[in-house]
Amino acid sequence: MATLTMLEQAPTPKPVNRGAADFNDLTTETANTASEGLDTKSALEIARIINHEDAKIAAAVKKALPEIAIVIDTVARSLRDGGRLIYVGAGSSGRIASLDASECPPTYSTAPSQVQYIMAGGPKALASASDVNEDSPEIGQRDIARRRPTRKDIVIGVSASGRTPYVVGAVEYARARGAKTAAITCNLNTPLADVADTTVITEVGPEVISGSTRMKSASAQKMVLNMITTGAMTRLGYVYDNLMVNVHMKNAKLVERGIRVLMKVCDIDRDTAIRTIKSAGKSIPIAVVMLKANVDKMEAVRRLTKSDGNVRLAIDDSRLEL
């Protein structure tokens, strides 16, 4: 476990211009003229206003696609090389990050250690507010230090404002330790952007409820994080075509999904799929390679090992390059 002594011995982070984005100038905090008089509206009018504002989110994310692509490949390289993706967030942003991290193991059979999250206030803050911890960059540094970030890892700070001290401190520390870093924010010219290697900015504009970044900002962050992990896992070959071939069949629903995936990918009947899955040790990737490459289980395992788990490359018996 990291200690204060370890923190003192860490490389000195580069200075950050923490006044780069004054709170009152943040677009996520300004009043939205489209929702003026919201408390006088009917339920249908309120829903229409929110829906109209939500329609702007995808366009804001679209503008950030080049930066998102950079992060996707960085995450894929880190995971391929044995590193980790570690999200850091606070409040709504932290909860969005924790959701994305927790969905990776059941979707792609990744180990829980591969995609992690750190949240101001700890896991208990997922269910109850712990805003006081957001104001301490030192606590952010302490929490990320406990994960011992290295040059193999990528640490992504998620903050709608881009100025949350806890997140800035954690990302700044991780970068000083050699980790790759990225920022996901909804404002320009922020302290978080100053300490990250790559910054994804989704300018969604003012919220329907001024400052309620659990709305448009959080929706944009969820879309971006979906793209990052889905893109990285796809680049790593845990998706074949557009199917979830790396599914771990640990319950009835996932067993049925695995059977259907194998039937679709290999154009076989249900009985053949079930027999192959059993002979493959209940591994869909092994089963796919066995059928597609017409090899036995041992050879399929060898190919998947050589390709770092990339199913398509294992079929071709080639190596993963990122």
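This is a predicted model: local features need pLDDT of at least 70, side-chain atom pairs count only at pLDDT 80 or more; totals for chains, interfaces and linings use all residues.
Residues are numbered from 1 along each chain as its sequence is written, and side-chain values use heavy atoms, with hydrogens and water left out.

**The annotated glutamates**

An unreviewed UniProt entry places the feature "active site" at Glu103 and Glu134; such annotations may be inferred rather than shown by experiment. These positions span 32 residues in sequence, and the farthest two C-alpha atoms are 24.5 Å apart, so they do not all gather at one spot.

| Residue | Location |
|---|---|
| Glu103 | helix H5 (residues 91–108) |
| Glu134 | loop between strand S2 (115–119) and helix H6 (137–145) |

Helices (H or I, at least four residues) and strands (E, at least two) are DSSP runs, numbered from the N terminus. Glu103 has 41% relative accessibility and counts as partly exposed, where buried means under 20% relative accessible area, exposed over 50% and partly exposed in between (1.4 Å probe, protein chains only). Leaving aside residues up to four places away in sequence, Glu134 touches Ala90, Gly91, Ala120, Thr164, Pro165 and Tyr166, contact meaning heavy atoms within 4.5 Å.

**Helix H13**

In H13 (residues 297–306), Ala300, Arg303 and Leu304 are buried. They cover an arc of only 100° around the axis, which puts them on the same side of H13; the arc is that of the directions from the helix axis to the C-beta atoms. Helix H12 (284–293) and helix H14 (311–316) are included in what covers these buried residues, whereas Met298 and Thr305 are exposed on the face turned away from the buried side. Asp308, which follows H13, has a positive phi, near 60°.
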